[in-house]
Amino acid sequence: MNKEENNKRGKYKISTRPISYTKELFLVLCLVGRELSPKTVKLFKQDYGEYNVRRNVIYNLVHRGLLKKVGYRKSYSYMLTDRGFEYLMIKFPYKYNYELYKDYNEVNMYNEKIRERNRALTSVLYCLVKQGVSIENYSGIAEKLFQGYEIKVEKPFFVSVKEMRSFSPRLGAIFSSSSYGCIVTQQNITIIYAPDKEHHLWLSNEVEWKRVVCDILEQAVEPYNNRQNLGVLYLYNDVPTAKDSYEVNATRIDNRSPQTRRCYQKLNYIHNYSMIMDNMNYKLSDVLDSAMKDKISRVFFDECDLRPYHPTIDTQFCDGVYGGETLSSMMWYLDPTKMMQIIEYIIQTRNQVLILCFTEQVDTISNIISINKSLKGKVLVYDLSREAVISAITQTR
């Protein structure tokens with residue numbers, strides 16, 4: 001190796017052997033999210049095997065000095081080292097946005113709240129990657145989108161909130177939002193949240209964030225300047241976390257306290273979705289592709305022989321009528337806004353509502369319904385497995 005090549009490689013000797021996808025992903029999550037949490041490690045082990053992740057990924061990367069372990073027991077996490085940062089840059093020089101994350105190791109501003117948010121971000125990123133969303137460097141394309149230029153999107157990609165703020169001084173001035181960023185596809189933009197039991201959302205903060213995002217997107221080209229193509233995705237660690245977001249806690253009973261359920265009721269995105277991170281029982285492509293979303297809903301509609309219905313202001317959740325009188329709602333994409341509307345409707349009218357969902361989602365919906373005794377016996381559930389629904393769509397082609 002000559003002197004020029006050695007300078008390019010920096011002060012560390014980096015092997016030219018290919019790196020496995022699992023190791024690359026582990027390192028990149030540490031790059032973008034800064035701290036890889038125990039929750040994310042658990043998700044890795046579920047998908048790639050506990051021994052493989054523990055021995056072939058974590059031990060290997062720590063032993064080589066590419067990662068370092070921070071903290072102990074349940075509060076531990078993994079961070080990229082200087083050597084790990086350089087390793088990624090040499091292995092994948094143009095694949096990731098190193099310029100944006102080059103200050104990853106600055107500790108002068110690194111407090112516990114930031115650490116908690118960064119840990120949660122790695123879980124969000126991991127789940128998005130599993131769903132086919134790229135976390136590679138699309139910053140240039142995203143910036144053009146927000147500045148009103150024509151863009152070409154070949155696959156869904158994630159834009160971090162840090163990148164979004166760098167595109168616009170107006171977004172840069174809003175630091176109160178709990179959004180982690182957005183997903184950009186050929187058809188739409190979806191804002192990402194991941195509330196948990198300790199970190200509920202403030203309605204006023206998220207209303208302001210949405211307002212500014214919408215104002216900026218008015219200058220974008222089609223289809224991104226159309227508010228009909230703007231949505232929101234809520235990601236939960238598990239079913240109890242999702243259930244908690246619907247509950248009225250004694251410590252969250254007024255407008256001065258954060259309450260995620262208030263965002264479900266008042267934030268008013270056109271499209272609302274939610275997913276459980278440790279058991280994702282539908283694919284993001286099912287909802288981010290509007291044609292696929294309509295096909296899945298049509299299977300449920302036909303299976304239950306629903307009749308068309310024109311919703312009123314009190315029945316916005318309704319997608320059709322079953323048996324001539326029972327209002328029905330598509331809930332296979334776990335729309336939290338619809339769920340809140342259903343809960344309020346039943347409490348006010350005492351009427352039954354039919355919920356249509358995947359078989360894999362029945363437990364989640366049952367847990368949410370259990371928050372109020374008034375809902376017992378008033379929520380009917382019709383379920384089909386996702387496999388059966390996709391099979392039905394395939395057969396009709």
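Is R211 buried, partly exposed or exposed? With a relative accessibility of 40%, R211 is partly exposed; here buried means under 20% relative accessible area, exposed means over 50%, and partly exposed is anything in between, using a 1.4 Å probe and protein chains only. Its partner makes a friendly place to start the tour. R211 and D215 form a salt bridge, their closest N and O atoms 3.2 Å apart, where a salt bridge is a side-chain nitrogen of Lys or Arg within 4 Å of a carboxyl oxygen of Asp or Glu. Both residues sit in helix α10 (residues 203–217), four residues apart, so about one helical turn separates them. D215 is partly exposed as well, at 22% relative accessible area. Helices (H or I, at least four residues) and strands (E, at least two) are DSSP runs, numbered from the N terminus.

Before going on, a word on the model itself. This is a predicted model, in which local features need pLDDT of at least 70 and side-chain atom pairs count only at pLDDT 80 or more, while totals for chains, interfaces and linings use all residues. Residues are numbered from 1 along each chain as its sequence is written, and side-chain values use heavy atoms, with hydrogens and water left out. The protein chain has a mean pLDDT of 89, and 91% of its residues reach 70 or more; pLDDT is the predictor's confidence in each residue, from 0 to 100. Residues 1–10 stay under 50, and the model gives them eight contacts beyond four places in sequence, a contact being heavy atoms within 4.5 Å. Where pLDDT is low, the predicted coordinates should not be read in detail.

Back to the charged side chains. The whole structure holds 13 salt bridges. One of them joins R119 to E35, with 3.5 Å from N to O. This pair ties together distant parts of the chain, 84 residues apart: R119 belongs to helix α6 (residues 112–130), and E35 to the loop between α2 and α3 (38–48). R119 is buried at 13% relative accessible area, and E35 is buried too, at 0%. E35 and R119 also belong to a salt-bridge network with E112 and R115.

K130 forms a salt bridge with D47, the closest N and O atoms lying 3.1 Å apart. K130 is in helix α6 and D47 in helix α3, 83 residues apart in the chain. Here K130 is partly exposed, at 41% relative accessibility, and D47 is partly exposed at 36%.

K23, in helix α2 (residues 21–33), makes a contrast. K23 is buried yet has no salt bridge, and the nearest side chain of opposite charge, E24, is 12 Å away; in this count Lys and Arg are positive, Asp and Glu negative, and His and the chain ends are not counted. Beyond its neighbours within four places in sequence, K23 touches N56, V57, N60, L61 and R64.

Now for the strands. Strands β6 (residues 230–236) and β7 run parallel and are joined by six bridges, and two strands pair if DSSP finds at least two bridges between them. G231 has H271 in β7 as its bridge partner. Of the six residues in β7 (residues 271–276), five are buried.

Further along, four strands form an open, mixed sheet in the order β8-β9-β10-β11. β8 (320–322) and β11 (379–384) stand at the edges with a single partner strand each, so one side of each has no neighbour in the sheet. From one strand to the next, the twist averages 35°. β10 (residues 353–358) pairs with β11 in the parallel sense over six bridges, and L354 stands opposite L380 in β11. Helix α14 (residues 290–303) packs on this sheet, touching β8, β9 (326–330), β10 and β11, with its direction at about 115° to that of β11. Axes are lines fitted to C-alpha atoms, for helices over the stretch in contact, and angles run from 0 to 180 degrees between N-to-C directions. Helix α16 (residues 362–369) lies across β10 and β11, at about 145° to β10.

Finally, some backbone details. Most residues other than glycine have a negative phi, and most peptide bonds are trans. E222 and P223 are joined by a cis peptide bond, with omega about 5°, and P223 lies in the loop between α10 and β6. L334, in the loop between β9 and α15 (336–349), has a positive phi near 50° and is buried at 5% relative accessibility. R350, in the loop between α15 and β10, has a positive phi near 65° and is partly exposed at 41%.
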